[in-house]
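Dear colleague,

Please find the structure below, handed over for your study. My notes on it follow directly after.

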Amino acid sequence: HLWLIYLIFIPIGTYIRPDFYPGSLPIFLENALSWHCTYIGEQWFLFPYILLMLSSKVIFTFYNRLRAIIVLMLSFSIYLITSIVLKLLGEDTLASYGMLFYNIFLTLYMLFPFTLGVLAYRGRWVEKIKYKVSVWSVKIPLCGLWMLMIVCIIKCAIPSSAFDPIYALIFILLFLTIPLKETGNKIVS
């Protein structure tokens, strides 16, 4: 999808701001690989995500040697430390140490949400939550939808981003419990 966006975005950008787009070949390649995102800042997570995927076998091997609670505490500790450093120093300061350092730092920052996903998959959390919600839905119709709305309201009341990965996981798990009609399934997929 990123390449499709670039196929549309870069020609328009070249027309509107020829001084900035597409820039030199190294700038274009840095953006295309998500190494240094100056075109679309929202793609910052792609390169660290690629690093997580490339190192996932090593991460899984390490995680297999530890209990789930230890893995969770360790990855959450790394997340808190990187969050604090990111908040105190800022993105620009961290990036000034070099893009390799910055991308590795962001990879560590993303390790906790990645870990939550690993644990959710291994623990079959989706199936367990779906079962619980289906049982509760007998007494409370659309229970999953109500719980999802409550979680969203709670998130609005908590301005801190420290719990965003946990919120995202809960949101996804509850969203998957909502019965979607055939047209809704086509839209989601």
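In this predicted model, the predictor's confidence is highest in helix H5 (residues 68-96), at a mean pLDDT of 91. It is lowest in helix H11 (residues 182-188), where the mean is 53. Over the chain, pLDDT averages 83, and 93% of the residues score at least 70.

I then examined helix H10 (residues 164-175). Four residues of H10 are buried, namely Pro 165, Leu 169, Leu 173 and Leu 174. These cover an arc of only 165 degrees around the axis, and therefore lie on the same side of H10. The buried residues of H10 are covered by elements including H5, helix H7 (111-122), helix H8 (125-137) and helix H9 (143-157).

Finally, I turned to the cysteines. A disulfide is a covalent bond between the sulfur atoms of two cysteines. How many disulfides does a search of the whole structure find? The search finds zero. For Cys 152, the closest cysteine sulfur is that of Cys 156, and because the distance is 6.9 Å, the two are too far apart for a bond; the cut-off is 2.5 Å. Cys 152 is partly exposed, with a relative accessible area of 24%, whereas Cys 156 is exposed, at 71%.

Yours sincerely

Methods: Residues are numbered from 1 along each chain as its sequence is written. This is a predicted model: local features need pLDDT of at least 70, side-chain atom pairs count only at pLDDT 80 or more; totals for chains, interfaces and linings use all residues. Side-chain values use heavy atoms; hydrogens and water are left out. Buried means under 20% relative accessible area, exposed over 50%, partly exposed in between (1.4 Å probe, protein chains only). pLDDT is the predictor's confidence in each residue, from 0 to 100. Helices (H or I, at least four residues) and strands (E, at least two) are DSSP runs, numbered from the N terminus. The arc is that of the directions from the helix axis to the C-beta atoms. Contact means heavy atoms within 4.5 Å.
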